[in-house]
Amino acid sequence: MTVHNIYIFDKQGSLLFYQEWNRLKNSGMTREEEAKLMYGMLFSLKSFVNKISPLDTKEGFLYYKTSKYTLHYLETPSGLKFVLNTDNHSQGVRDLLHQIYKEIFVEYVVKNPLCSLNEPIQSELFKTKLDAYIKQSSVYLTKSM
Amino acid sequence: MADDILLDLLHSEIVQYVVGNNDNMKDEDLSTLEYIGFSTGYRIIERLTKEMPRFKDELDTMKFICTDFWSAVYKKQIDNLRTNHQGVYVLQDNVFRFLSRLSNGKQYLEVAPRYVTFTCGVIRGSLANLNIQCLVTAEVQSLPSCKFHIQVQRT
């Protein structure tokens, strides 16, 4: 089980934060381009899922899975988007994303008066706390198989 | 708890407001912030000491500031109190509340004074109402720890 990388987008779709842990393959473009593509895909998926659903959706798009990895998606009521890529065996990633939002993002970005909310996150403290949190979580236990 | 975050956010907005009102950027004028702290401290002490006996001496007053007062305002006690017994006191808080979310190291060190000035005023105001006239300055070497130097003015 392993964690590949995390993206945090604001409600306008700009990339607030990116970090990677076990990422073996690079996309071959700049971080900004990649983030735009990622956001565009999520935006389309979200509206697609909501339109195509035969029943009323409560939470909408939650995750998708390929043969190699799973992308987990969490959108807060305020429009922040947390995207975490893991391998296919990971359990409880949704809770993990919730915890990251509640205990790391709110604590060290929202409560930090020097972090403005619509700009990329510069705080070193946030970065180290997030890194430590991911590394001690059960999802991160072992290296990729 | 809700009231904790209210104080944190209101404090950071006050800081932002005072800093934003400065015209010349190179020398920040934080005296307004210090004065806001002073009057806050002057008033809050009436409420905190209403059930307490009178203090024996200056050191007793300082101990009150470090324990009861700090717990009431910052939800923890001062980690270290030192004095030279000649009117100089140093209060050290290893995880100062207004700095704890900023960084744990040198990042943002240059703006740290903004976030401790209010508290300098609060300490000065509290002591002023307890009949101790003093000067309070703060020293931040590495966030989130902070030292408050209190120099009592003797007449």
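How many residues does the contact take from chain A and from chain B? In this predicted model, chain A gives eleven residues and chain B gives 13 residues. The area buried between the two chains is about 1,100 Å², with 59% of that coming from carbon and sulfur atoms.

One salt bridge is found across the interface of chain A and chain B. Its partners are Glu107(A) and Arg101(B), whose side chains meet at 2.4 Å, N to O. That distance falls within the 4 Å cut-off for a salt bridge. Across the interface there are also four residue pairs in polar contact, both residues of a pair being at pLDDT 80 or more. On the side of chain A that touches chain B, the elements giving two or more residues are helix H2 (93–110) and helix H3 (124–136) of chain A. H2(A) supplies the largest share of this side, three residues. By type, the residues on this side of chain A are five nonpolar, three polar and three charged.

Chain A also holds an open sheet of five strands, in the order S2-S1-S5-S4-S3, with antiparallel pairing. Strands S2 (15–20) and S3 (63–65) of chain A each have a single partner strand and stand at the edges, so one side of each is left without a neighbour in the sheet. Neighbouring strands are turned by 10° against each other on average, direction ignored.

Helix H3(A) links the two topics: H3(A) gives residues to the side that touches chain B, and H3(A) lies across strand S1 (3–9), S2 and strand S5 (81–86) of chain A. The helix runs at about 45° to S2(A).

Terms used
Residues numbered from 1 in each chain as written. Chains lettered and ligands numbered in written order. Predicted model: local features only at pLDDT ≥ 70, side-chain atom pairs only at ≥ 80, totals over all residues. Heavy atoms only, no water. Contact = heavy atoms within 4.5 Å. Buried area = accessible area lost by both parts, 1.4 Å probe. Polar contact = N/O pair within 3.5 Å; in protein donor to acceptor, adjacent residues only side chain to side chain. Helix = DSSP H or I, 4+ residues; strand = E, 2+ residues; numbered from the N terminus. Nonpolar A, V, L, I, M, F, W, Y, C, P; charged D, E, K, R; others polar. Pairing = 2+ DSSP bridges. Axes fitted to C-alpha atoms, helices over the stretch in contact; angles between N-to-C directions.
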